[in-house]
Amino acid sequence: MTREKIMTQLFEFSSPTYYKWTKQDKRKIFDLLNYAFTNNELEEFIKTGKIDKIEELGNKTYLFDSSMKFYKTAKHISNFKVAKNLLLLLENNYKQNNNSVIIEKIAESIYKSDKELFEYFENDKNIEVVTSMKLALLNLIQKQDIFVLEYISKNRKEIEKNSLKKSAKYLNKIDFLYLNNFHRI
């Protein structure tokens with residue numbers, strides 16, 4: 001489809017109007033459309049009402065933000081080391097299960113992982129604290145969308161790296177609301 005045809009369908013006007021707006025009036029909207037979108041992307045929008053490239057960008061932002069919130073909450077429930085070990089456990093579990101998230105397998109891994117996940121408790125022998133923490137972490141995992149857990153499993157290093165940035169160091173007000181809701185359940 002030509003650019004003219006795409007624009008006439010997109011704006012629902014005639015070809016003469018398109019030429020008037022682009023050549024005589026030089027409307028900036030066409031500069032923006034030419035700058036931001038290819039013909040294929042605009043055709044996709046006309047046919048489906050969305051552009052996959054933009055949908056993916058929005059999903060990545062949501063998944064990243066949700067993953068960071070998950071990691072902050074895991075650190076709040078336990079500590080930095082346990083939260084880091086939890087992300088590693090999720091990543092390993094994902095790989096062991098042919099790149100898929102299976103909550104039952106994750107739960108099994110958490111309950112079997114006293115030394116790997118909770119190594120700092122090894123000398124403490126406080127089984128009640130470890131069991132309580134396991135339940136809290138499993139509860140947190142069960143409340144997550146499968147896509148978020150999958151994103152965490154695929155992007156563990158990026159999540160850890162970004163959590164160390166100064167802006168990500170402190171919890172936001174919204175995170176406290178999230179934590180309060182989590183502890184009520």
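Which residues are linked in a network of salt bridges? In this predicted model, the answer is Glu91, Lys95, Arg156 and Glu160.

A search of the whole structure finds 9 salt bridges. One of them joins glutamate 91 to arginine 156, and their closest N and O atoms lie 2.6 Å apart. Please locate the two partners in the structure above. Glutamate 91 belongs to helix α6, residues 80-96, whereas arginine 156 belongs to helix α11, so the pair ties together parts that are 65 residues apart in sequence. Are these two residues buried or exposed? Both glutamate 91 and arginine 156 are buried.

Lysine 112, at 62%, counts as exposed, because the exposed class begins over 50%.

The second example is in helix α10. There the side chains of glutamate 150 and lysine 154 meet in a salt bridge, at 3.2 Å from N to O. Glutamate 150 and lysine 154 are likewise 4 residues apart within α10, about one turn of the helix. Glutamate 150 has a relative accessible area of 23%, so it is partly exposed.

Helix α10 brings me to the packing of helices. How do α10 and α11 pack? Helix α10 spans residues 146-154 and helix α11 spans residues 156-163; their axes are 5 Å apart, at an angle of about 85°. With that angle, α10 is roughly perpendicular to α11. On the α10 side the contact is made by Tyr151, Ile152, Ser153 and Lys154, and on the α11 side by Arg156, Glu158 and Ile159. Sorted by class, the residues of this contact are 3 nonpolar, 1 polar and 3 charged.

Which residues of α6 meet which residues of α7? Leu86, Leu89, Leu90 and Asn93 in α6 meet Lys105, Ile106, Ser109 and Ile110 in α7. By class, this contact has 5 nonpolar, 2 polar and 1 charged residues.

Finally, I turn to one residue in another helix. Serine 15 lies in helix α2, which runs over residues 15-24. Its relative accessibility is 29%, so serine 15 counts as partly exposed. What does serine 15 touch, leaving aside its neighbours within four places in sequence? The residues in contact with serine 15 are then Glu4 and Thr8. Serine 15 and lysine 5 are 10 residues apart in sequence, and the distance in space from C-alpha to C-alpha is 7.8 Å.

To close, I return to the opening question: the network of salt bridges links Glu91, Lys95, Arg156 and Glu160, and within it the pair of glutamate 91 and arginine 156 ties α6 to α11. Thank you for your attention.

Definitions and conventions: Residues numbered from 1 in each chain as written. Predicted model: local features only at pLDDT ≥ 70, side-chain atom pairs only at ≥ 80, totals over all residues. Heavy atoms only, no water. Axes fitted to C-alpha atoms, helices over the stretch in contact; angles between N-to-C directions. Helix = DSSP H or I, 4+ residues; strand = E, 2+ residues; numbered from the N terminus. Parallel < 35°, antiparallel > 145°, perpendicular 65-115°, else oblique. Contact = heavy atoms within 4.5 Å. Nonpolar A, V, L, I, M, F, W, Y, C, P; charged D, E, K, R; others polar. Salt bridge = Lys/Arg side-chain N within 4 Å of Asp/Glu carboxyl O. Buried < 20%, exposed > 50% of the residue type's maximum accessible area, 1.4 Å probe, protein only.
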